[in-house]
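User: I would like to go through the labels used for this model one by one. Please set each against its definition.

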Amino acid sequence: MISWPRFEKQPSNESNAVGDAVNQMVARERASAAENMRQLQAARAAEAKRQRAESLAAAAVLDTDFKRE
């Protein structure tokens with residue numbers, strides 16, 4: 001009976017480089033998405049703060065008008 005040698009395929013340097021490049025690309029995309037989310041949350045918080053200030057200002061005007069009468 002003939003016994004054939006078994007060869008385990010080792011990843012080439014080229015495929016390692018491609019894998020590294022893909023990993024770097026994914027890491028950049030994740031960092032970008034995290035930064036975008038941070039900016040979105042900051043913008044939402046600023047808008048909520050602006051609306052709250054606007055509401056308080058309107059309430060103060062109404063309160064002042066009410067006290068005058």
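User: How many salt bridges does a search of the whole structure find?
Analyst: The search finds three salt bridges, the term being used for a side-chain nitrogen of Lys or Arg within 4 Å of a carboxyl oxygen of Asp or Glu. This is a predicted model, in which local features need pLDDT of at least 70 and side-chain atom pairs count only at pLDDT 80 or more, while totals for chains, interfaces and linings use all residues. Residues are numbered from 1 along each chain as its sequence is written, and side-chain values use heavy atoms, with hydrogens and water left out.

User: Why is the contact between Glu35 and Arg38 called a salt bridge?
Analyst: The N to O distance between the two side chains is 2.8 Å, which is within the 4 Å limit, so the pair qualifies.

User: Where do Glu35 and Arg38 lie?
Analyst: Both belong to helix 1, residues 13-68, and are three residues apart, about one turn of the helix. Helices are DSSP runs of H or I with at least four residues, strands are runs of E with at least two, and numbering starts from the N terminus.

User: What makes Glu35 partly exposed?
Analyst: Its relative accessible area is 32%. Buried means under 20% and exposed over 50%, with partly exposed in between (1.4 Å probe, protein chains only), so Glu35 at 32% is partly exposed. Arg38, at 47%, also counts as partly exposed.

User: How do you know that Glu47 and Arg50 form a salt bridge?
Analyst: Their side chains meet at 2.6 Å, N to O. That value is within the limit, so the term applies. Glu47 and Arg50 are three residues apart in helix 1. Glu47 has a relative accessible area of 33% and is partly exposed; Arg50, with 41%, is partly exposed.

User: What joins Glu47, Arg50 and Glu54 into one network?
Analyst: Arg50 and Glu54 meet in a salt bridge of 2.9 Å, N to O, and lie four residues apart in helix 1, about one turn of the helix. Salt bridges that share partners join Glu47, Arg50 and Glu54 into one network.

User: What percentage of the 69 residues of the protein chain count as buried?
Analyst: The figure is 0%.
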